[in-house]
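Trainee: Could we go through this structure together, one question at a time?

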Amino acid sequence: MQWRENPQPKTDSDTDAHAYEKSDYNMENSLKNKKKQFFDFKKFIKMFFVSIILTVAATVTLAGMFLKGNNLENLLYYARVPMSDGSTQAIKNCVDFCLPTAISIFVLANLTTFVILINKNTILDYSKKHKNNSPAKQLYFFYRHSFLISFISLLATVIFFGNQIDAFSYLKGMMRKTQVYEEEYTPPQNQTYQFPEKKKNLIYIFLESMETSFASVEEGGLMEENIIPYLTELAKENISFSDTEVLGGAYAVPGTTWTAAAMVTQTSGIPLTIPISKSNFGQDNKFLPGAYSIGEILEKEGYNQELMVGSKASYAKRRAYFEQHGNYRIFDYYTAIERGEEAGYLPEDYYVWWGFEDQKLFDYAKREILQLYSEGKPFNFTMLTVDTHFTDGYKCELCESNFDNQYANVLRCSDKQIYEFVSWVKEQPFYKDTVIVLSGDHLTMDHKYFDRVDDEAKERGRRIYNCFINTGLSDEHTKNRTFSTLDIFPTTLAALGVTWGSETLGLGVNLFSGEKTQCEKKGVENFSYQLASGSDFYSDYIIDKNLSSKELYGGYEGDTGPAADLDMANRKKIEQQKLLESNSTVDSAAGSSAELEISSDIGTIPPHGAD
């Protein structure tokens, strides 16, 4: 028989020790498992997407800061034109502004995620020991609620971006309807224009981003020192319309506040407003087919016309507008490249800023104007400067360093070049028969430049520059005027000595006449509110051109406007005439009697806008 030692009975202490060892063993295994799972790839993927959201949010914020001064309307406009036709400079500037910070945030977010995942237990332990003051605790809180925090951040930045580009006002405006066109629009194509016996030439210079705000406070601007002394002097020596007794200018209203819109506005008296629902600017590659511009008026009078820009004319549909509305010759960046360096133009690989700088623009302009003059016909030479475009402008070799800010130096340089060009024109034999118009296209979008301006000075407000040279007209109605660049269209025609059936064209008023502008009649705020609203008239006629001339001139849809009653009469007359024509079985005597009855009832209906 095998002897076995009887096991000793377990004491309470032995049981406790065993339990402790088991517990310690389980805890150790648990910690090991946690450490094994500490860098959870799925959790890192989650945080990777969070970092993308945060990066997008940061980029949207930075883009909003960069684009301040633009608005959704003009951004949507440029989104509909081929980017390949335009300069990449603005896009490059935006990318340069946003990209470094966006990349930094992306890297920092992922690095932080990695640190949290690697040191999760240490962070938790530290948080437990330092409950009252624990950055680690906040860090882990962010980790646990990262998706919620990132989406809230993205939403906040979208709202911020929308405010920066005035998106919500634009969208709200497109949801309401205005009747301003039906009530106030004078169709330019329906007027009879009387030109002087000796027709005047026109040199029209759109001055990129030029506003009277760059003048000194004493002269009517916002600056301590006058940045544009030459343009100030030209305004004093000639005719310049102002909203004050000193240097002032035009208000910026919706649909006129970027270059392409400004060029349409100042030549046809309408804003450039493309409804969100529209994917193009007119049918069959037409650009605003219902618009009627000064180019079309002058073309009918035998003018030779040319548009010169130092960029690519096709960008933002400028070529289409000026070719279709006045058959302008086009001189742009491609023209200078094609003519070549041997002819005194550009080498094949030349490209600065938006194409070529204003120094070359003014040189080429002199040659083109002399060519137009040699052709023996009245001419309209229209050009657009570019060096003063945001951001910071283009500093060419002519620019001096008079200020500690590049944009100020570029503005001063442009100011001098414009003055020297005008002085050259005055020396030419054709000057006695030539009107020069200098007009800022819109307020500058380089808003950070005005951070240096005192709040008290800012209350004065910013205005768009204008100057009319050699008009021979009175300056009686030039001061204390409230007007917009819509009024420049009829005012330019009047400066050429042209008269027509009224003092209005499009939505503009001839400022020389003293007749009240829309801004003066309605107030700037109310008029702007109407222009920022959707319009069936604009959509149906200016863009789609679906209305007949009878419907347009007689009162849109026959239910609103000053000519509504006459329009209804016209409609009745047309309907009865069609009925008579279709009734071939009625004898000629009865037909003549019916026409006589219609004629006696209706009378002759004058076209809308005529005397």
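Mentor: This is a predicted model, in which local features need pLDDT of at least 70, side-chain atom pairs count only at pLDDT 80 or more, and totals for chains, interfaces and linings use all residues. Residues are numbered from 1 along each chain as its sequence is written, and side-chain values use heavy atoms, with hydrogens and water left out.

Trainee: Which residues have the most contacts inside the largest nonpolar core?

Mentor: A nonpolar core is a set of buried Ala, Val, Leu, Ile, Met, Phe, Trp, Tyr and Cys residues joined through side-chain atoms within 4.5 Å, where buried means under 20% relative accessible area with a 1.4 Å probe, protein chains only. The largest such core has 81 residues. Those with the most contacts inside this core are L272, L288 and L493.

Trainee: At what angle do helix 10 and helix 16 pack?

Mentor: Helices here are DSSP runs of H or I, at least four residues, numbered from the N terminus, and axes are lines fitted to C-alpha atoms over the stretch in contact, with angles running from 0 to 180 degrees between N-to-C directions. Helix 10 (residues 229-237) and helix 16 (residues 406-426) have their axes 7 Å apart. The angle between them is about 45 degrees.

Trainee: Is Q305 buried or exposed?

Mentor: Q305 is placed in strand 2 (residues 304-309), a strand being a DSSP run of E, at least two residues. Because its relative accessibility is 3%, Q305 counts as buried.

Methods: Buried means under 20% relative accessible area, exposed over 50%, partly exposed in between (1.4 Å probe, protein chains only).
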